[in-house]
Amino acid sequence: MQTIEFNLEWKLKLQNRFINYAKIYSTSDPESESCPSSPQQWNIAKYIFEELQSLGLENVQLDENGYIYAYIPSNLEQDDEPTVGFIAHYDTSPDFNGENVKPQIWDDYNGGDLVLNKETGFTLSPNRFESLKDYVGKTLITTDGTTLLGADDKAGVAEIVTAAEYLLAHPEIKHGRIAIGFTPDEEIGRGAHKFDVEKFGAEWAYTMDGGEVGELEYENFNAAGAVVKIHGLSVHPGYAYGKMVNAALLAADFIQALPANETPATTRGYEGFFHLMETTADISEAKLQYIIRDHDEAKFEARKQLMLDTVDAMNQKYGAGTFEVEIKEQYRNMKQQFEGKMHIVDIAAQAMKDANIEPKIKAIRGGTDGAQLSYMGLPCPNIFAGGINFHGPYEYVALESMEKAVKVIINIAKAVKKR
């Protein structure tokens, strides 16, 4: 097994590349119907496109929807091996501010509190986030407490690009053809919607979009979004007796009608949930936005039916047409797409072991582009990118974690030729 030497020069390349990406505003917009959903995503898409061209990748493309495709040619004398792909998304979550990101570097973390913002006193502490204790002595990259960091998934983008650069600089590492893809709008569930699987040309791929080191996932939630609209009747409160229908109060009644112990905060492992994402309400109108999640297909269908039944019950209580609901499926559990194809997962697990990483194979309590891509004919497990505390100001990533991800990518590229 060839040893991958990742010296200070390459570590700094990886670190600086990630920081450059993190500083580019690229939050996606769930209210927009365009693709990409936000104009700012074009800034990072064009930046990555030009970078890939400058590094010498082949057939680098940026399409009209913001999807990026590029290729590393095989360097085998006899190339009859399958093309393997690596995919990440460059948008960041709309759950928290992603503009004016100011990454901070903390060398040789000592295990104590990190005051991320001296003006506000905003602190990242192991007393609140015990996972920090696993990173003593590491180089941490954090926010300044006013934004998210964007390691989800700019760490994955940086890792794939750095691995590509490393492979091009080390032709002695033999590998087959490698496809690279970067997507917009993953954070709003649309990352794979316009991905061109045929153009990508890989037999299978891996999304670099997981969390802690060692994560390897080929199971995920079945997912749907639900929008409940409630129609009230506004009347002057002084003359409202027997007439007013307060949509805001009816919304509260609906919320209470769903199981209180089946929310993200009260479930774990393979347990599903109803997650109330947003509410807007006044006397006349109310809107509740939910996401519905479950790993088990039958339980997922039952959850969707419960949402429909609850709307029916509310209409019986308050009058026909008072409540309406629209449920849209988002993605499905990709596990069944790996029947007879577990070598794809096995290759990734061995690549981790070859990098002295213990694989942590588990189900995702969420979804990735890979879930949708697997149903589009591109089996696509998810591999760690190293970030922790995604979607908020406490987000951080260790440089060493990203370095390990780069080594896993390179090990997979080397392993595929051995099939």
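1. The largest cavity has a volume of about 40 Å³. Keep in mind that this is a predicted model. Searching the whole structure for cavities of 30 Å³ or more turns up one.

2. Who lines it? Around the largest cavity you'll find Ile 72, Phe 86, Ile 160, Ala 163, Ala 164, Leu 167, Ile 178, Ile 180 and Ile 409. Two elements, helix 3 (151-169) and strand 8 (178-183), each give two or more residues to this lining. Helix 3 gives the most, with four residues.

3. Now for the helix pair. The axes of helix 3 and helix 9 (residues 399-416) come within 9 Å, and they cross at roughly 50 degrees. Angles from 65 to 115 degrees count as roughly perpendicular and those under 35 as roughly parallel, so helix 3 and helix 9 are oblique to each other. The crossing of helix 3 past helix 9 is right-handed.

4. As for the contact itself, helix 3 brings Ala 155, Glu 159, Ile 160, Thr 162, Ala 163, Tyr 166 and Leu 167, and these meet Met 402, Ala 405, Val 406, Ile 409, Ile 410 and Ala 413 of helix 9. By class, the residues of this contact split into eleven nonpolar, one polar and one charged.

5. One link worth a look on screen: Ile 160, Ala 163, Leu 167 and Ile 409 are among the residues lining the largest cavity, and these four also take part in the contact between helix 3 and helix 9.

Note on methods: Residues are numbered from 1 along each chain as its sequence is written. This is a predicted model: local features need pLDDT of at least 70, side-chain atom pairs count only at pLDDT 80 or more; totals for chains, interfaces and linings use all residues. Side-chain values use heavy atoms; hydrogens and water are left out. On a 1 Å grid over the protein atoms alone, a cavity is a set of points where a 1.4 Å probe fits but cannot get out, and a pocket is an open set with protein on both sides within 12 Å along at least five of seven lines; lining residues have an atom within 4 Å of a point. Grid points are joined across faces, edges and corners, and a volume is the space filled by probe spheres set on the points. Axes are lines fitted to C-alpha atoms, for helices over the stretch in contact, and angles run from 0 to 180 degrees between N-to-C directions. Angles under 35 degrees count as roughly parallel, over 145 as roughly antiparallel, 65 to 115 as roughly perpendicular and the rest as oblique. A crossing is left-handed if the near helix is turned anticlockwise from the far one by less than a right angle, and right-handed if clockwise. Contact means heavy atoms within 4.5 Å. Ala, Val, Leu, Ile, Met, Phe, Trp, Tyr, Cys and Pro count as nonpolar, Asp, Glu, Lys and Arg as charged, and the others, Gly among them, as polar.
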